[in-house]
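Me: I would like to learn how to read some features of a protein model. Please take them one at a time.

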Amino acid sequence: MRAGSADGLRGRLRGACALALLLLCCFGIHAQETNPFANDPKAVTVGESQFRANCAFCHGLGARGGGRGPDLTRAQKRHGKTDGDLFRTINDGIPGTAMPQNGTTSQGVGMTTEEIWQVIAYIRSVEKKSESAPGGSAARGEKLFHGAAGCYTCHMINGKGGRLGPELTNVASARSTESILESIRDPSRRLATGLIENTKEFPQEYVTVTVVTLDGRTFKGVTLNEDNFSVQIMDTQQEIHLFEKDKLKSFSKTRESLMPRYDEKALSEQDLRDLLGYLFEVSAK
Amino acid sequence: MTLMAASLFAGPALAQVTFERILNSSKEPQNWLTYSGDYEGRRFSALDQINSGNVKNLAPRWVYQTGALGKFETTPLVVDGVLYGTAQDNRTFALDARTGRPIWQYQYIYPSDVRMCCGRVNRGFAILGDKVFFGTLDAHLVALDAKTGSVVWDVAAVDYRKGYSFTLAPLAVKNMIVVGISGGEYGIRGFVDAYNASTGERKWRFYTTPGPGEPGHETWAGDSWKIGGSAPWITGVYDKETNQLFWTTGNPAPSNRRAQREGDNLYSNCLLALDADTGKLNWHFQYTKHDEHDWDSTQIPVMMELDGRKLVGHANRNGYFYLIDRTSGKLVLSKPFATTTWSDTKDAEGRPVARGDSSPTLEGRKVCPGAAGSTNWMSPTFDLQTRLFYVTAREQCDIFSTAPEVNEEGHAYYGSAYFPASDAEPYWGALRAIDPLTGERKWEFNHVSPSWSGVLSTAGGLVFSGDSEGNFIALDATTGKVLWHFQMGGAVYAAPMAYAVDGKEYVAIAAGSALFVFTLP
């Protein structure tokens with residue numbers, strides 16, 4: 001009976017329940033720093049089931065990540081890698097990201113302390129024990145990003161770059177390697193998500209919009225936000241335009257990204273690996 | 001009914017709300033006496049001061065802030081100038097309906113370890129006599145003095161630690177308060193309860209999964225009935241002619257797993273006809289047999305008279321609109337009102353039958369509608385003027401996967417996992433007007449993203465609904481044309497209602513963490 005309200009589904013950032021957090025904190029649920037179920041094969045099995053129901057929507061089956069959440073099989077975890085860190089991340093969420101507090105998503109039903117530890121046991125069981133950096137030369141990647149590949153014209157890293165596309169400083173820790181590669185090679189396949197409003201079910205996507213005003217001017221850009229009656233866009237010159245839909249001659253959207261496809265002619269496999277190396281280096285800082 | 005006539009019925013502030021007043025709620029359209037506005041579940045207001053000609057001038061009159069986070073799902077009640085509402089975290093309040101100023105506020109303190117699948121929500125009060133009644137997150141039913149908010153009685157329906165809770169607005173019938181339990185994610189056994197409104201004493205209980213020796217018990221494998229969910233978690237309706245409650249039930253647990261619960265799993269996903277005095281089951285209609293997609297049938301069953309027939313209209317989460325003869329429980333019509341892929345045949349009774357290849361697997365299978373359904377618990381409306389049924393619909397498909405697990409009391413037991421369809425199609429929603437006699441769509445208004453808002457129709461020729469981007473919208477009930485909208489700054493997870501005080505009509509809706517109330521200038 002997951003419904004979306006009481007009973008609802010899928011609001012990754014449904015209003016967080018302050019009272020719940022308060023109560024959980026007061027009852028000292030964090031007191032423990034080590035997993036009572038560490039290396040317990042039964043807990044790993046139960047934890048996998050919990051993971052599928054509560055976490056896989058963003059982190060993917062097998063914890064390998066997706067377009068929404070990081071690949072948890074990586075040994076490196078941005079928000080702390082001890083068992084205690086993982087517990088806090090799962091229970092409290094990460095403010096400012098799509099990672100919600102335990103029990104506030106409608107995806108899954110909230111986990112008990114025991115169940116969280118079981119999920120951690122499962123994550124440990126699929127984690128790579130050692131890994132080589134997934135990318136190539138970060139230094140060359142940086143040059144490509146801010147030079148020949150032209151990424152910087154639309155994307156910002158550490159305050160430098162354009163604004164038309166998503167800010168990418170933390171992208172490598174927030175998404176799986178596969179989804180980043182896909183976004184470069186085939187950006188329209190899964191549009192990037194942007195603005196998140198805290199009681200809305202879905203974040204805004206980088207949809208391409210074309211607007212013709214009553215006086216005949218045409219604007220093309222990405223949606224920063226949209227509702228049934230208005231749209232806020234950034235045009236390709238990176239200017240913001242705000243429109244009421246009923247005052248336009250025409251308004252159309254496509255799911256064809258404004259970002260060009262970087263195929264192998266535009267970006268060789270080596271270039272791609274180097275870019276990835278740069279993104280990983282930046283996000284690890 | 002015009003407001004002038006309506007105002008003749010306005011009584012003194014804080015008058016007694018008798019069963020007869022609720023039965024005859026159409027005679028006092030200035031008040032909103034029960035969750036859906038009337039016992040028929042129509043959510044139709046006979047007020048017409050705000051109408052298609054002047055709604056463009058509608059403006060906010062007052063806003064009440066609950067101070068609570070999470071989804072605000074209440075439908076307030078209004079009786080003789082006082083508005084009664086519930087909010088997140090079992091907050092409750094009574095307000096001056098003209099100004100929004102509180103008369104009393106009461107928060108029920110519940111234990112920290114309540115088990116809620118989908119938020120610490122509540123959908124509203126019932127009122128009867130001089131008391132208001134609400135269900136709590138730890139599965140208590142509480143009666144408050146309507147004048148002060150003081151607790152008159154408080155009874156535990158069941159042990160919440162096993163995963164039980166109340167989220168629905170109770171229904172007041174005769175001298176009883178009727179409630180349905182929530183908790184289908186936790187291996188519970190669903191039930192509908194009736195309590196004596198004066199004392200809190202339980203009068204009857206109907207379990208939605210039959211025990212040994214009861215009809216329907218054979219539709220559950222082994223002991224699966226004990227933890228079969230089927231929670232009746234949304235408010236039912238009352239038929240005064242037959243003294244029956246029509247109540248709908250949720251999905252069988254675990255939601256996506258066939259294993260261990262082979263069979264039709266009665267009375268999951270049913271429309272139940274219960275004797276109001278005894279709770280005895282007179283008949284049932286099962287919308288989805290052996291559901292494997294979390295498609296609760298907990299949508300409001302709306303009583304309607306069409307072509308001289310006594311019917312129940314029901315837009316189901318599984319994507320079909322059903323028309324049922326409420327004198328017999330026989331199906332009259334079933335027709336999709338949204339995209340469905342799970343069925344391509346019907347049984348002898350005309351009920352859609354699930355395709356074999358729609359069953360979830362460990363790897364996952366794409367099925368439409370998705371787990372949130374083609375609609376959900378949000379209230380539809382039946383407009384007595386246009387004779388149309390309006391419902392918030394959702395267009396989304398999901399990958400349905402299983403997550404095998406062993407039931408442990410009080411722990412999540414859903415056996416399911418959902419993912420967005422891999423082709424990453426955009427999801428969207430729509431407000432749809434359906435001719436209930438044919439199931440045909442008369443018009444639709446598309447939402448840019450799925451909405452969780454209910455719908456209100458009024459004698460002013462209007463339909464009101466909200467969206468997930470925070471808009472409150474008035475549309476022409478006949479054409480679907482948008483006539484007015486207002487940005488409230490928070491997503492809508494509630495249904496609108498209308499009332500009047502001193503000859504002035506108000507329309508109310510909860511959005512974000514606040515209750516918004518609108519009038520003409």
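Me: Which residues of α6(A) and α9(A) meet?
Reply: Contact means heavy atoms within 4.5 Å. On the α6(A) side, A138(A), R140(A), G141(A), E142(A), L144(A) and F145(A) take part, and they meet Q270(A), D271(A), D274(A), L275(A), G277(A), Y278(A), L279(A) and E281(A) of α9(A). These contact residues divide into 6 nonpolar, 3 polar and 5 charged. Here Ala, Val, Leu, Ile, Met, Phe, Trp, Tyr, Cys and Pro count as nonpolar, Asp, Glu, Lys and Arg as charged, and the others, Gly among them, as polar. The model is predicted: local features need pLDDT of at least 70, side-chain atom pairs count only at pLDDT 80 or more, and totals for chains, interfaces and linings use all residues. Residues are numbered from 1 along each chain as its sequence is written, chains are lettered from A and ligands numbered from 1 in the order in which they are written, and side-chain values use heavy atoms, with hydrogens and water left out.

Me: At what angle do the axes of α6(A) and α9(A) cross?
Reply: Axes are lines fitted to C-alpha atoms, for helices over the stretch in contact, and angles run from 0 to 180 degrees between N-to-C directions. Helices (H or I, at least four residues) and strands (E, at least two) are DSSP runs, numbered from the N terminus. The axes of α6 (residues 138-145) and α9 (residues 269-284), both of chain A, cross at roughly 100° and come within 7 Å. α6(A) is therefore roughly perpendicular to α9(A). Angles under 35 degrees count as roughly parallel, over 145 as roughly antiparallel, 65 to 115 as roughly perpendicular and the rest as oblique.

Me: How many disulfides does a search of the whole structure find?
Reply: A disulfide is a covalent bond between the sulfur atoms of two cysteines. The cut-off for the pair of sulfur atoms is within 2.5 Å. Over all chains, 2 disulfides are found. One is formed by C117(B) and C118(B), with sulfur atoms 2.2 Å apart. An angle of -105° about the S-S bond makes this link left-handed. The other pair is C368(B) and C397(B), S to S 2.1 Å, and its link is right-handed, with 95° about the S-S bond.

Me: Where do C368(B) and C397(B) lie?
Reply: C368(B) is in the loop between β25 (365-367) and β26 (381-382) of chain B, and C397(B) is in the loop between β27 (389-395) and β28 (398-402) of chain B, so the pair ties together parts 29 residues apart in sequence.

Me: Is C117(B) buried or exposed?
Reply: Buried means under 20% relative accessible area, exposed over 50%, and partly exposed in between (1.4 Å probe, protein chains only). C117(B) is buried because its relative accessibility is 4%. C118(B), at 1%, is buried too. Both C368(B) and C397(B) are buried.

Me: What is the strand order in the open sheet of 4 strands?
Reply: Two strands pair if DSSP finds at least two bridges between them. The order is β15-β16-β17-β18 in chain B, with antiparallel pairing. β15 (237-239) and β18 (281-286) are the edge strands, each pairing on one side only. On average, neighbouring strands are turned by 20° against each other, direction ignored. Between β16 (residues 244-248) and β17 (residues 270-275) of chain B there are 5 bridges. Q244(B) has D275(B) in β17(B) as its bridge partner.

Me: Which residues is A221(B) in contact with?
Reply: Leaving aside neighbours within four places in sequence, A221(B) is in contact with Q260(B), R261(B) and E262(B). A221(B) sits in the loop between β14 (202-207) and β15 of chain B. With a relative accessible area of 27%, A221(B) is partly exposed.
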